[in-house]
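Let's take a walk through this structure together, one piece at a time. Keep the sequence and the 3D view open as you read.

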Protein chains: 2
Amino acid sequence: MSDITTSALSETDTLSVGGERRRRTGGRGAERIRTGAAGKYRNLVNRLAKTELLDPAALDAMHEASLTILEEIGMDIMLPEARTIMKAHGAEVTEGSDRVRFDRNLIMDMIASAPREFQMFARNPERNVKMGGNNLVFAQIASAPFVADREGGRRAGNQEDFRKLVKLAQCYDVIHTTGGYPVEPIDIHASVRHLDCLSDMVKLTDKVFHCYSLGKQRNLDAIEIARIGRGVSMEQMESEPSLFTIINSSSPLRLDGPMLQGIIEMSSRGQVVVMTPFTLAGAMAPVTIAGAVVQQNAEALCGIAFTQMVKRGAPVVYGGFTSNVDMKTGAPAFGTPEYMKAVIVGGQLARRYGIPYRTSNTNAANTLDAQAAYESAFSLWALTQGGGNFIMHSAGWTEGGLTASFEKFILDVDMLQMVAEFLTPLDVSQDALALDAVREVGPGGHFFGTAHTLARYESAFYSPILSDWRNFETWTEAGRPTTYDHANRIFKEKLASYERPPIDPAIEEELDAFVAKRKAEGGVATDF
Amino acid sequence: MSDITTSALSETDTLSVGGERRRRTGGRGAERIRTGAAGKYRNLVNRLAKTELLDPAALDAMHEASLTILEEIGMDIMLPEARTIMKAHGAEVTEGSDRVRFDRNLIMDMIASAPREFQMFARNPERNVKMGGNNLVFAQIASAPFVADREGGRRAGNQEDFRKLVKLAQCYDVIHTTGGYPVEPIDIHASVRHLDCLSDMVKLTDKVFHCYSLGKQRNLDAIEIARIGRGVSMEQMESEPSLFTIINSSSPLRLDGPMLQGIIEMSSRGQVVVMTPFTLAGAMAPVTIAGAVVQQNAEALCGIAFTQMVKRGAPVVYGGFTSNVDMKTGAPAFGTPEYMKAVIVGGQLARRYGIPYRTSNTNAANTLDAQAAYESAFSLWALTQGGGNFIMHSAGWTEGGLTASFEKFILDVDMLQMVAEFLTPLDVSQDALALDAVREVGPGGHFFGTAHTLARYESAFYSPILSDWRNFETWTEAGRPTTYDHANRIFKEKLASYERPPIDPAIEEELDAFVAKRKAEGGVATDF
């Protein structure tokens, strides 16, 4: 894998936020990247010193506790093929049961080969994304069963709304990848849903996308669709990760069959596994945040080690998804102080292992009110300061993931862009220090009309999508619109301006033929 | 002042967030502080490594540019008495004008005597607050001309609303001080307004409060009211800072008469000056954030140096209030990415000088919508990570400070409490790592009923004031309340439960007599 990583990184520029060029290697992506401002938010780099909540001794204690869990208790590995691979690598498989225990040295040996950084390849090379290091990649919401906008209310997912959300993901550069189905389109039969949805991902966007690990054939279909979309050989696909899958453990301490199968299919072909336990403190994990993160870490390390057993050097991401529950109702809570701590400590662990870190932009609000904003903003605070690399559910998530909201998507895009602007290095050139402008204006003057201001005012500051800065009187005359009102208007305007990204007609034809053939074959069995 | 600082710190415990005791000195405050949970948010300590956006060279460049402004351009010092003091200390006063220039060594020599940390004394010693270091002190909104709640709409400030807001400040421990008049009660004549308002501050709260610097007599009245409230001698007052004043420069590069007079009256008596330029980039300061912060720094250093000319060692706070304007309309913008950068760089400068740092929880929203929340949350992010010590306008600020909102007050209190919980050290004891609970539950189980969970679930997580975590159906049955609805209900419930803090009847009598006497004398002249 180290060869793959190196060659991947050598083929594109590393851009900082705001388009400032850090490094030019003159590879094939360089010319396209010079095209300018449209790609302002395409390559985000987070140069902040990462916040650490734990000192090295405490981090060690969590690490060792996780390894003790894997060594003493073990995990239930619910696929015979996976247990066979694990046994071949030295894990202790209990015959006649799913239980597998892992020596701590085995785990550490395996995860050592996971790459620190790698690139993911989109069908449009300008949309390639880099995982790990200081890179920050935002993925759209995934996997909501419901969808909502103000006029249509909350409803079950369907293909029309699925497509609208995918189109919106294409409209904003700060959304770097889709994240899965933003909403589950249940009006498409489950046997062929992945064929329609994934071919939409190729056609409606030119960004990296995700495949669900719900049985081997879906993984294989997804890899073939991604390969066709990129117009490359399977050999090239296998050395250029182009597709990712989220693998959730069934916490506590279980990995089920389709998830393990997904790791086998994806890792063996050099595609990206995002290994993410979902460890709600007080429900599927201990009620203490430290205990829940220990369990998260044990499950993540197990899955990551398994990717390396399948293929040394396979690209893998350390996923954290620890939050707390509302202890009055048992409902999941998100964007809480506890969530912030779990996100930051998860980042410390991922950096300790040298593996890219996935976390999420979360909230549990039922509508686009202040709660939706503060829970998301607190999530963004923690994941930015905590060094998240790959941010799932960046835009559109509400109700703890139950509903994809069109209005929340716009709110999130605005907040993501603000985070990106915050991460832009502050210009401290002599010109920016502005001594001459201060000399010109002097005590008691004003800066509105100075040459220094006039030369910069149009682009000096981030221009938000939603913030309504009109004075109270003007705002009142306009009918006192709230952020929700603005977001409702803007998602419709944006959808109306959507343009399909160009695609080679031969590729589209090959894609349609593949989907038609697979549909004719009946798609996949849906009885697992 | 170093003696004052030392004695102040030795007289109370230093508490961390959550009431954990860090240091016990057994002073006179110790017994009271042991009384427990009611004071959970009273003493906040921010142990995060502070985020730095500038490397030492860039910080030096800003520092030097500020000193160049003071040396070459100078400031307009609009009070003869102040110019005389400055001249006596070696500043270059231009006869026949307000202009004063300061050698960089003079500035650095003066600010060197400002204390790094000091304590402020409330009439209830449990409400004393520590300024500087890692301490984090939240002050309520100050100085709004308007007040709003949902039923009453937006209206000019008045005594009734003033008192309600002051009572709310008393209700929450996370509000450590009031910040000035939360709303300006214009139904009280300006000649006696300060007498009524400050005596309300003493009676309705037991926390530290602020006096406006609007002429010498108001400062003197405020100091006397604070002295009476504490029941101490003037000598003790002068060694125990009990009152603060916000000093704003009239940017660019002017300090007007009442502000300079305020520094003279307050610093000479050992009371706290919070020296805060208001430098909107593109209006009263250069359009670049770096330039605006350079100017902020020049003005702040000038005012801070003057406090030390008045009295070496006088307690002073470095205030930053740099934000950008909306370049389309010229309206001030807050809680923006630019504001975040200015807050963090301001913190770097204040720490460079070893002076406590004041910043603010800002937003420019017109109502309690998502914008109000995200702008405030981004402000809290920056001021927490950036090391703010004294946070003005922590609760209740809307419309860029034009309106004190009852509902926003509750929203802010909730967010402040979340910040406080985030800053609580994560428990990583063996018990918190929860290996035994994981052993007990094992793969595939659940943690709801374990002893580990049952022993902790009631207090495991922060219980928010506003977040509505009911599922969509239950929330719908409840009428789909938003954060605004909850905040509206809660501020009224909280006001109904308000209790006046106990006060010695002799002190109240002395206070009433003083106010009556001063009113009989006509209060203060209002013709300046």
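Ile246(B) sits opposite Val274(B), a residue of strand S15(B). That strand covers residues 272–275 of chain B, and strands here are DSSP runs (E, at least two residues) numbered from the N terminus, while helices are H or I runs of at least four residues. On one flank, S15(B) is joined by 4 bridges to strand S13 (residues 243–247) of chain B, and the two run parallel. Strands count as paired if DSSP finds at least two bridges between them. S15(B) also has 3 bridges to strand S17 (residues 316–319) of chain B, again parallel, and here Val273(B) faces Val316(B).

What covers S15(B), and on how many faces? Both faces are covered: Val272(B) and Val274(B) on one side, Val273(B) and Met275(B) on the other, are all buried. Buried means under 20% relative accessible area, exposed means over 50%, and partly exposed is in between (1.4 Å probe, protein chains only).

## Some ground rules

This is a predicted model, where local features need pLDDT of at least 70 and side-chain atom pairs count only at pLDDT 80 or more, while totals for chains, interfaces and linings use all residues. Residues are numbered from 1 along each chain as its sequence is written, chains are lettered from A and ligands numbered from 1 in the order in which they are written, and side-chain values use heavy atoms, leaving out hydrogens and water.

## A sheet in chain A

Over in chain A there's an open sheet of 4 strands, in the order S11-S10-S22-S21, with mixed pairing. Strands S11 (153–156) and S21 (397–398) are at its edges with a single partner strand each, so one side of each has no neighbour in the sheet. Strand S10 (residues 146–149) pairs with strand S22 (residues 403–405) of chain A in the parallel sense, over 3 bridges. In this sheet, Ala148(A) stands opposite Ser405(A).

## A helix and its neighbours

Back in chain B, helix H6 (residues 159–171) has 13 residues and reaches 18 Å from first C-alpha to last, close to the 18 Å expected at 1.5 Å a residue; the expected span is 1.5 Å times one less than the number of residues. At its start, a side-chain oxygen of Asn158(B) comes within 3.1 Å of the backbone nitrogen of Glu160(B).

The buried residues of H6(B) include Phe162(B), Leu165(B) and Val166(B). Among the elements that the buried residues pack against are helix H7 (193–204), helix H14 (406–423) and helix H19 (483–496) of chain B.

How many disulfides does the structure hold? Cys211(B), for instance, is in none, and the nearest cysteine sulfur, that of Cys197(B), is 12 Å away. Cys211(B) is buried, with a relative accessible area of 2%, and Cys302(A) is buried too, at 1%.

## Two chains together

Asn366(A) is buried, with a relative accessible area of 11%. Its contacts (heavy atoms within 4.5 Å) include Asp468(B), Phe472(B) and Trp475(B).

Terms used:
Polar contact = N/O pair within 3.5 Å; in protein donor to acceptor, adjacent residues only side chain to side chain. Disulfide = S-S within 2.5 Å. Lists of a residue's contacts leave out its neighbours within four places in sequence.
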